[in-house]
Amino acid sequence: MGSQLLSSKVVIVEEEPRIRNIPTLPTAVVGAVGVTERGPIGQAVLVTSFEEFIEAFGGFTPNSDLALAVHAFFQNGGQTVWIVRTVHYSDITNPASRTSTAASATIPTAAVAATAGSVLGTVVAPFDLEPGDTLVIVVDGGAPATATFNATPGARETGSPGPFALADGQTLLVRIDGGAVQTIVFLASEFTDIAGATPAEVAAVINAKIAGARALVTSGGTRVSVASDRRGTASGVEVTGGTANTALGFPTGLAAGSGNVADIGAVTAAEVKTIVEAAIAGVTVTDETGRVRMTSGTTGPTSSVQVD
C-alpha cells in the first residue's frame, strides 16, 4: 500500500522562479511648434500619425517646415508628437493680439429647386370677422398692402315717419335671408295706443316676434328699420305684405346686403383667396384643409410673405 498523510503538517513545494516583466512607458515627450495650414491656435494637439497631422493641421506649406519635420519624425519610427500651431502675436503676452483670423468656406448642398416664401394660418375656416377688418401683408420685403373685408346687412325702413295708425290684429309679412315668410302680428295690448303706435313700440313688437333679424329706430327716432342679423351678400330682408304695411309703408321686394363676402361672420377660405389676391399683388392664397396659406409669387432667398 502507498503511504498516507495521517496527520497535518507543512508540505513545501518548490517551483522554478519566474521573471515578471513590468511594461515601460516612453519617458521622452516630443513636441513641435510652428506655422501650419490650419488648425487650433495655441493649443497642443496629440497626433499619432502623419495622417492625423494632415487632418488636424493640413499639409505642406511653403513658409513652414513643420509638416516636413512631422513627416520625417513618423517615417523614422516616431509614434506620438504634440503639435502647437502658432502665429504672429503683436504682444506675445496677450493671446488676443494674434494677427490670424478665422477662415470659412461655403459647402454647397445638393442641387434643389428654389422655394417660395409662405405663411400658413392656424385657424380653420370659416372665419368670424367684422366689417372693416383687414389683413396687412408684406410680400418679398416690399411695402405693406392691405386687404379689407366689407359687409352690410340687408335692411328695409318704413316709408313714412311715426306714429303709425295700426289696428289690433294687423300683420306684417317678412322674409329674412331667403328663408320662410314670418308673420308679425300687432296686438292692441302691446301698445299704449295702437292707433298712434310709436316707432319704439313697433320696433319692440317686431323684435319680440322675428327670427334672424332685428328692428331699429332710425332717422332720428322717427322711423323703423328691419335689418338682417347676417351681414354680407347672403343677407336680405324682404317685406312681402301684410295688413299693417299700409300704415308702416315698408317697400316690398328684396333689400339685399352688400360687401365682398356672403357672411362676414362665416368667411370662407375661398373668399379670403378672392379678396387677398385681388388686393395684394404677388401673393397666392390656397386652402389647406380649411387653413389659409399665403405664398409669394417669387422663389429663392429673397422670397417672403409676412402678415402684419
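Gln 182 lies in strand S10 (residues 181-186); helices (H or I, at least four residues) and strands (E, at least two) are DSSP runs, numbered from the N terminus. The model is predicted: local features need pLDDT of at least 70, side-chain atom pairs count only at pLDDT 80 or more, and totals for chains, interfaces and linings use all residues. Residues are numbered from 1 along each chain as its sequence is written, and side-chain values use heavy atoms, with hydrogens and water left out.

Gln 182 is buried, at 19% relative accessibility. Buried means under 20% relative accessible area, exposed over 50%, and partly exposed in between (1.4 Å probe, protein chains only). Contact means heavy atoms within 4.5 Å.

Strand S12 (223-228) comes next. Five of the six residues of S12 are buried, so S12 is largely enclosed by the rest of the structure. S12 pairs with S8 in the antiparallel sense over three bridges. Two strands pair if DSSP finds at least two bridges between them. In this pairing, Ala 155 stands opposite Ala 227 in S12. S11 also runs antiparallel to S12, and six bridges join them. Here Ala 213 stands opposite Ser 228 in S12.

S11 and S12 form a hairpin with four residues between the strands. Ser 219 lies in this loop, between strand S11 (213-218) and strand S12 (223-228). Ser 219 has a positive phi of about 55°, although it is not a glycine. Most residues other than glycine have a negative phi, and most peptide bonds are trans. Ser 219 is partly exposed, with a relative accessible area of 41%. Thr 289 is another residue with a positive phi, about 50°, and it is not a glycine. Thr 289 lies in the loop between strand S16 (283-288) and strand S17 (291-296). At 75% relative accessibility, Thr 289 is exposed.

Two cis peptide bonds are described next. The bond from Ala 125 to Pro 126 is cis, with omega near 5°. Pro 126 sits in the loop between strand S4 (118-120) and strand S5 (134-139). The bond from Gly 162 to Pro 163 is cis, with omega near 5°. Pro 163 belongs to the loop between strand S8 (155-157) and strand S9 (170-176).

Another sheet involves strands S1, S2 and S3. These three strands form an open sheet in the order S1-S3-S2, with mixed pairing. S1 and strand S2 (44-47) stand at the edges, each with a single partner strand, so one side of each is left without a neighbour in the sheet. Neighbouring strands of this sheet are turned by 30° against each other on average, direction ignored. Axes are lines fitted to C-alpha atoms, for helices over the stretch in contact, and angles run from 0 to 180 degrees between N-to-C directions. S2 and strand S3 (residues 81-85) pair in the antiparallel sense over four bridges. Val 81 in S3 is the bridge partner of Val 47.

Helix H1 (residues 50-57) lies across S2 and S3 and runs at about 145° to S2. Helix H2 (residues 66-75) lies across S1, S2 and S3 and runs at about 175° to S3.

Ala 32 is in strand S1 (residues 31-34). Ala 32 is buried, with a relative accessible area of 17%. Beyond its neighbours within four places in sequence, Ala 32 is in contact with Leu 66, Val 81, Trp 82, Ile 83 and Val 84. Ala 32 and Ala 44 are 12 residues apart in sequence and 9.1 Å apart in space, C-alpha to C-alpha.

Val 29 is in the segment before S1. At 68% relative accessibility, Val 29 is exposed. Val 29, Leu 46 and Trp 82 form a nonpolar patch on the surface, with about 300 Å² of accessible area together. Patches are made of residues with over 30% relative accessible area and no salt bridge; like charges are joined within 9 Å, and nonpolar side chains (Val, Leu, Ile, Met, Phe, Trp, Tyr) within 5 Å. A salt bridge is a side-chain nitrogen of Lys or Arg within 4 Å of a carboxyl oxygen of Asp or Glu. Accessible areas come from the Shrake-Rupley method with a 1.4 Å probe; for residues, only the protein chains shown count as cover.
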